[in-house]
Amino acid sequence: MAETRNHLSPADGIWSLRRLPDMDEAQFSQWQTLLEHRTGITLSSGRKSFLETNLGIRMREIGCSSYQAYYEQIVSGPNAIMEWSTLVDRLTVQETRFFRDPDAFRLVSDYVLTRPREALKKRPLEAWSVGCSTGEEPYTLAMLLNECMEGLSLQPLFGVTGSDISKPAIDKAQSGLFSARKLMGMDEAMKARYFRPAERNNVEIVKSIRERVCFTRLNVLDLKHAPMHGMNIIFCQNLLIYFRRWRRREIVKRLAERLAPGGLLVLGQGELTDWQPPGLQRVPSEHVLAWIKRQTDEE
């Protein structure tokens, strides 16, 4: 179904609906090219309606009635950079929640609990959530690492970094505020321990966990410039599915470079098939796609 847009008639001051024309194949192709060039994200022909819907919503907000005119705004308009940032947020931020993949988080917990105690005493654990959206995943990792450290009777020496291409998503994550529905399915004891009531039926992450998590805006196409190095855990789920197979491999190679020897890389099931990343050893698991970075003889 084609998008419609609200149009305020200057004559009568009332809202009427004006139909947007369907996006033709040439227009769809140029949007596909722009998105892949700037973000690496590929849109199949089956995602055309998704693009039309999200473009249409934004076009309605700014009073733009043509896909081509909006494209030109994005590419060369006076506010092109800010408008591009807004659009990327609409197209890339996905619905998420705390402890979204229990199997993957159990694997992370097992990984930490089996590390040598002396190593955990000497050096803080560093975790990185890639494509962290509005922050549920990195905060989950922080809660999990805190539980592990307490279980081992160790000081909570750890830090978590969340990165995402969307600045609005990062800003939301930094606030530490979430709607109560984001906690659906979460253990009640964990809720009580790590969240406090906030205004407007929201909840807030407790300060002790918020202090352990930092956020940065990062496009995964720019991983070679990322400042993260020597990470013990890299969590990258539900991100690679948007990229071509060759680019997925390129991204995973870059992530592997940022792992410390013995570090853990966790991906989403099915995101990388029939390929063994160099320097990594697959973690035997039926439910989680993960690798450990091999340690060389010198290390």
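This section describes aromatic pairs, charges over rings, strand pairing and helix packing in a predicted model.

The structure contains eight aromatic pairs. In one of them, the ring centres of tryptophan 31 and tyrosine 71 are 5.3 Å apart and the ring planes stand at 80°, so this pair is edge-to-face. Tryptophan 31 belongs to helix H1 (residues 25-39) and tyrosine 71 to helix H3 (residues 67-76), so the pair ties together parts that are 40 residues apart in sequence. Tryptophan 31 counts as buried because its relative accessibility is 0%. Tyrosine 71 has a relative accessible area of 17% and is buried, since the cut-off for a buried residue is under 20%.

A further edge-to-face pair is made by tyrosine 139 and phenylalanine 215, with ring centres 5.5 Å apart and planes at 65°. Here tyrosine 139 is in helix H7 and phenylalanine 215 is in strand S8 (residues 213-217), so the pair ties together parts that are 76 residues apart in sequence. Tyrosine 139 and phenylalanine 215 are both buried. Both residues also belong to one aromatic cluster, formed by Phe98, Tyr139, Phe178, Phe195 and Phe215.

Helix H7 spans residues 136-151 and includes threonine 140. The relative accessible area of threonine 140 is 0%, so this residue is buried. Leaving aside residues up to four places away in sequence, threonine 140 touches Phe98, Phe99 and Phe105. Of these contacts, Phe98 is a member of the aromatic cluster that includes Tyr139.

Two arginines are placed over phenylalanine rings. Arginine 47 lies over the face of phenylalanine 50, at 4.1 Å from the ring centre. In the case of arginine 212, the charged end sits over the ring of phenylalanine 158, at 5.2 Å from the centre of that ring.

Three strands form an open sheet in the order S5-S7-S6, with antiparallel pairing. From one strand to the next, the twist averages 40°. S5 is joined to strand S7 (residues 202-205) by three bridges, and the two strands run antiparallel. Phenylalanine 178 stands opposite valine 203 in S7.

Strand S9 (residues 231-236) and S10 run parallel and are joined by five bridges. Isoleucine 233 has leucine 264 as its bridge partner in S10. S10 covers residues 259-267, and eight of its nine residues are buried, so this strand is largely enclosed by the rest of the structure.

The packing of two helices is described by the angle between their axes and the distance between the axes. For helix H2 (residues 48-62) and H3, the angle is about 80° and the axes are 11 Å apart. H2 and H3 are therefore roughly perpendicular to each other. On the H2 side, the residues that meet H3 are Glu52, Leu55, Arg58, Met59 and Ile62, and their counterparts in H3 are Tyr67, Tyr70 and Gln73. H3 also holds tyrosine 71, which pairs with tryptophan 31 of helix H1.

Definitions and conventions: Residues are numbered from 1 along each chain as its sequence is written. This is a predicted model: local features need pLDDT of at least 70, side-chain atom pairs count only at pLDDT 80 or more; totals for chains, interfaces and linings use all residues. Side-chain values use heavy atoms; hydrogens and water are left out. Helices (H or I, at least four residues) and strands (E, at least two) are DSSP runs, numbered from the N terminus. Buried means under 20% relative accessible area, exposed over 50%, partly exposed in between (1.4 Å probe, protein chains only). Contact means heavy atoms within 4.5 Å. Rings of Phe, Tyr and Trp (its six-membered ring) pair if their centres lie within 6.5 Å; planes under 30 degrees apart count as stacked, over 60 as edge-to-face and the rest as tilted. A charge sits over a ring if NZ of Lys or CZ of Arg is within 6 Å of the ring centre and within 35 degrees of the ring normal. Two strands pair if DSSP finds at least two bridges between them. Axes are lines fitted to C-alpha atoms, for helices over the stretch in contact, and angles run from 0 to 180 degrees between N-to-C directions. Angles under 35 degrees count as roughly parallel, over 145 as roughly antiparallel, 65 to 115 as roughly perpendicular and the rest as oblique.
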